[in-house]
Amino acid sequence: MTTFADLGLSPKVLNAVEAAGYTIPTPIQAGAIPHALQRKDVLGIAQTGTGKTASFVLPMLTLLEQGRARARMPRTLILEPTRELAAQVEENFVKYGKNHRLNVALLIGGVSFDDQLRKLERGADVLIATPGRLLDHFERGKLLLSAVDILVIDEADRMLDMGFIPDIERICKLIPFTRQTLFFSATMPPEITKLTEQFLHSPVRIEVAKAATTAKTVEQKLVKSGKKDWEKRAVLRDLIRAEDEGLKNAIIFCNRKKDVSELFRSLVKHDFDAGALHGDMDQRARTTMLASFKDGKLKLLVASDVAARGLDIPDVSHVFNFDVPIHSEDYVHRIGRTGRAGRSGKAFTLVTPADTKYLASIEKLIGEDIIWHDGDLSTLPVSTEPDEAPRRGRGRGKPEPKRRPRNEGRERERPQSEIDIIAAAERAKEAEVQPVEEQPIVRTAEKPQKAAIKADNEQRRARVPHTEPRRDHRRDRDDMGSAPVGFGDEIPAFMLIDTKV
DNA sequence: AAAAAAG
């Protein structure tokens, strides 16, 4: 049996790997590490969850033990498609590089340039970046790529999906021809093959057995729902309550960012312990939210497909697809968030009459029909919330035409979700430093008394103003010219006359 | 019918 000690890694690296509790490398690690150490180009075809990250981090650490970085001239560069993945790779360098004194710089969007510039100035041994911010720094002349000795391109097929390939080509051309390239992709569509032919030099190809399209340990179910958002929300709430016993934590996927925000707001309003994650959120909120979810401080995470692939969130008990994913591969990635490492997991997908086409392509892809969850859903109370009383008992599948549920409009009128998401992130943060008793979070199963619900909602609402200034600031700027500014509450009457015809 | 990433 091959162990890490057989792969040729340096003692410092081996020590850190052992300290992390690993002795046996995964197939992609065993395959890639020896070649990477011999400075060969590597083409690794592997899904996430195969130990792919360590397969480039470990040999890089060993190789980096020789030499030093100069200011603005990073020695190695790792390209990642999303900010979260980039941050995750950085964590790996911290974990396995604990015996090294390396400068690691993370260049991602959504955060200030200043810290990043300082790190570049100091000389980065390892630069981990998303393409946009990297090119931004490059164009400002703050970064030279002529000393990059090792280039890693991770999740290449996802970069393709995201339209990054032109950026990747451009970056590849800025890096010396003599570099070593480690290239990873889960699949090999023609565009990716072309890219490898262009930028890799007689690479060693390592392909790890493609994981069965969907893990055997995941129990998949379909759940019927009406097509209105409020109907889907009601079905989801019932489902979460019905599943509560075995529900440790769950990711709830939506197709659109707008729906992530709306569903998150709705769940919080209904006293679920929920957070949200999507790409338009403030980077600070994204980071905090993900961290609380990973730490188990947050039970439900409503997310866009940012969270579908790659993110290392171990051991999620449930995945709920609030929407049927439009691309069938996304279904596989989403439900792959549960049932990992042989553990059991459950995946529920809400299906409306409009989704049959996408459902068919998913079933074709995974090669089986997903069973319908008959459950006791029909016997469960549809809803207990007063603002949803009008549709109680009316049959979820057939709402009366032309009549909008009362709360739908009301939810729309509210200020956009961002402030609430930041508020929730702050809630999660506060929970870290305060004893649990002082921060009561209503667990999903509990059906609190009405008074308790009210008190809790008041508490939540009270926190929102903390983040208000940021948003008001922006709105004030947008509204300038249409309203008198600078008078506070003392606006002279003549200025309040409506000038519109 | 989308999301992601540079603002």
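Predicted model: local features only at pLDDT ≥ 70, side-chain atom pairs only at ≥ 80, totals over all residues.
Local features require pLDDT of at least 70 and side-chain atom pairs count only at pLDDT 80 or more, whereas totals for chains, interfaces and linings use all residues. Residues are numbered from 1 along each chain as its sequence is written, chains are lettered from A and ligands numbered from 1 in the order in which they are written, and side-chain values use heavy atoms, with hydrogens and water left out.

Chain A contains 18 helices and 14 strands; these are DSSP runs numbered from the N terminus, with helices being H or I of at least four residues and strands E of at least two. Of the 501 residues in chain A, 50% are buried. Buried means under 20% relative accessible area, exposed over 50%, and partly exposed in between, with a 1.4 Å probe and protein chains only. Among contacts in chain A with a separation of 6 or more, 76% join residues 24 or more positions apart, a contact being heavy atoms within 4.5 Å.

The largest nonpolar core comprises 52 residues, and those with the most contacts inside it are Ile-240, Ile-252 and Phe-320. Helix 11 (residues 257-269) supplies the largest share of this core, 5 residues. Apart from it lies another core, of 37 residues, including Phe-56, Leu-58, Leu-61 and Phe-93. A nonpolar core is here a set of buried Ala, Val, Leu, Ile, Met, Phe, Trp, Tyr and Cys residues joined through side-chain atoms within 4.5 Å. When residues up to four places away in sequence are not counted, the residues that Ile-252 touches include Leu-236, Ile-240, Leu-263, Phe-320 and Phe-322.

Two further residues illustrate burial within helices. Ile-168, in helix 8 (residues 165-174), counts as buried because its relative accessible area is 1%. Leaving aside neighbours within four places in sequence, Ile-168 is in contact with Leu-79, Pro-131, Ile-153, Met-159 and Leu-195. Gln-88 is found in helix 4 (residues 83-96) and is also buried, with a relative accessible area of 10%. Beyond residues up to four places away in sequence, Gln-88 touches Lys-294, Gly-310, Leu-311 and Asp-312.

An unreviewed UniProt entry places the feature "short sequence motif: Q motif" at residues 2-30. UniProt positions follow the numbering used here, feature names are shortened, and annotations may be inferred rather than shown by experiment. Over residues 2-30 the chain is 45% helix and 0% strand, with the end C-alpha atoms 7 Å apart.

DNA strand B is surrounded by 23 residues, of which the closest are Arg-133, Lys-257, Gly-279, Ser-304 and Tyr-358; a residue is near the strand if one of its heavy atoms lies within 4 Å of it. The residues of this surface divide into 7 nonpolar, 9 polar and 7 charged. For this division, Ala, Val, Leu, Ile, Met, Phe, Trp, Tyr, Cys and Pro count as nonpolar, Asp, Glu, Lys and Arg as charged, and the others, Gly among them, as polar. Sugar or phosphate accounts for 69% of the atoms of DNA strand B within 4 Å of the protein, and bases for the rest.
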